[in-house]
Amino acid sequence: MKKISSVFYVSAILLLVAVIFGVIAPDRFEKATANVEAFITSGFGWYYLILVSVIVLFCLFLIFSPVGAIRLGKQGEMPEYSRPTWFAMLFSAGMGIGLVFWGAAEPLSHFASSPPLASPGTDAALKDSMRFTFFHWGIHAWAIYALVALCLAYFNFRKDEPGLISAALSPLLGKHSKGKIATLIDIIAVTATVIGVATTLGFGAAQINGGLAYLFGIPNKFYIQVIIIIIVTVLFLMSAWSGLSKGIKYLSNANMFLAVVLLLLVFIVGPGLLILNLFTDTIGEYLQNLIQMSFRIAPLKPERREWINNWTIFYWAWWISWSPFVGIFIARVSRGRTIREFLIGVLLLPTIVSFIWFTVFGTTAINVQQIGNIDLTQFATEEVLFAVFNEMPFTTLLSIVAIILIGTFFITSADSATFVLGMQTTYGSLTPPNRVKIIWGLMLSAMAAILLYSGGLQALQNALIVAAFPFSFVMIFMMISLYKALAREKKELGLGYRLKEKKTSTK
């Protein structure tokens with residue numbers, strides 16, 4: 001029988017109080033989160049930008065460091081999953097619904113509604129729209145995930161520590177690594193995970209509703225979104241019951257298949273040559289302006305600062321709030337890989353796929369807007385993708401595939417989250433009890449529904465930024481802890497700059 005930790009009870013009570021508050025006083029709940037969100041983004045925007053940039057540099061340093069040869073497991077241990085399955089699992093858990101939700105909507109918004117720099121609808125706005133979308137979904141996002149995942153995998157699989165966020169801070173906490181401070185750290189991680197994943201599930205429910213509304217005239221209302229959440233909750237709980245190797249593995253591979261099918265269909269019937277040209281040009285723009293974008297805070301231009309708060313700071317908070325969940329999950333499926341292979345895989349492969357995805361869907365949406373037969377800016381964010389499909393051949397087919405893909409991403413994300421939350425609240429057990437996973441699954445769905453009820457998409461964004469702030473400090477400690485542990489092991493193994501593991505002599 002797996003023991004349930006105090007982290008479970010305290011986190012569950014705190015989140016239950018939030019759910020009850022959201023039900024009883026949704027307006028006050030939305031106002032409270034909005035006030036805290038405004039305080040954080042206006043006062044600590046600089047902090048988010050610097051922190052995420054430091055995390056990127058830290059990951060790059062480890063890739064080129066001799067410690068990159070250290071294996072996330074015992075010496076000579078081989079990976080549990082093949083590279084294609086590993087990639088599918090980390091990608092499905094790491095981005096999922098967000099790619100489909102924002103794939104057409106974000107580049108279109110940067111081009112036609114609220115450009116970061118240029119005037120709406122201009123060629124400059126078109127180039128900026130793709131460049132900043134790449135920035136938000138590129139290396140910075142995956143570096144956040146990679147740091148947490150690497151720290152957890154290293155301490156769990158190489159140092160035999162439990163798979164807990166607090167355990168990754170053992171070099172700093174010392175004798176307090178199993179005390180009240182550790183419990184507090186794990187509660188912060190669990191709370192951030194629930195709110196981060198619930199927010200994404202809220203996006204997914206809203207977009208499925210938007211697609212059904214656009215296609216079949218089903219009302220785009222809260223009660224419909226609740227029905228969608230209930231149906232998907234039953235499905236992901238069934239998947240969670242089946243276990244990691246079966247449910248999540250098969251669903252992750254199905255996600256990748258459906259995503260590739262949808263991507264190819266849109267590329268084939270969309271403006272293919274323009275997509276290829278913009279992809280090539282934007283890669284160059286992204287690399288040329290990466291440093292400037294990373295530290296852009298616009299201190300003397302309030303309107304541009306507001307854009308940074310609404311987009312860049314929001315995204316950095318989103319990735320941070322998701323990082324305990326995604327980090328633990330990626331760590332769980334990455335055992336046996338070297339630090340170098342792990343970081344290159346996690347940083348580069350999903351980044352490139354995200355760039356391809358946004359170029360295909362974003363360029364297609366902007367092209368539809370430029371043709372002028374329809375103004376896509378009149379649609380709600382969750383309806384934009386389906387409005388784009390309505391202007392293309394195979395409208396119904398594209399829309400149905402997109403809805404199914406959102407649903408499977410929804411299930412995969414929630415399924416993975418129940419496993420991670422179960423693990424975090426049973427002392428790091430790699431096989432948490434089904435009853436614990438079911439409780440967390442129900443909590444995730446309830447939180448998603450409450451956030452939608454209290455303020456829709458804006459409430460979702462507010463909650464994300466609030467939840468991410470305390471965990472950002474935990475990430476700083478994780479970085480320091482990992483550096484100390486790796487520096488010690490580098491010395492013990494005698495690793496030099498030949499970038500290989502030290503081999504024991506057989507003579």
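## Helix pair H1 and H2

The contact (heavy atoms within 4.5 Å) is made by Ala18, Phe21, Gly22, Val23 and Ile24 of H1 and by Pro26, Arg28 and Phe29 of H2. By class, it has 6 nonpolar, 1 polar and 1 charged residues. Gly counts as polar.

## Basis

This is a predicted model: local features need pLDDT of at least 70, side-chain atom pairs count only at pLDDT 80 or more, and totals for chains, interfaces and linings use all residues. Residues are numbered from 1 along each chain as its sequence is written, and side-chain values use heavy atoms, with hydrogens and water left out.

## Salt bridges

The whole structure has 11 salt bridges (a side-chain nitrogen of Lys or Arg within 4 Å of a carboxyl oxygen of Asp or Glu). One joins the side chains of Glu80 and Arg332, at 3.3 Å from N to O. Glu80 lies in the loop between H2 and helix H3 (83-94) and Arg332 in helix H13 (residues 302-332), so the pair ties together parts 252 residues apart in sequence.

## Nonpolar patch

Tyr223, Ile227, Ile230, Ile231, Val234, Leu235 and Met238 make a nonpolar surface patch of about 690 Å². Patch residues have over 30% relative accessible area and no salt bridge, with nonpolar side chains joined within 5 Å. Ile231 lies in helix H10 (residues 222-242).

How values were computed
Helices (H or I, at least four residues) and strands (E, at least two) are DSSP runs, numbered from the N terminus. Patches are made of residues with over 30% relative accessible area and no salt bridge: like charges are joined within 9 Å, nonpolar side chains (Val, Leu, Ile, Met, Phe, Trp, Tyr) within 5 Å. Accessible areas come from the Shrake-Rupley method with a 1.4 Å probe; for residues, only the protein chains shown count as cover.
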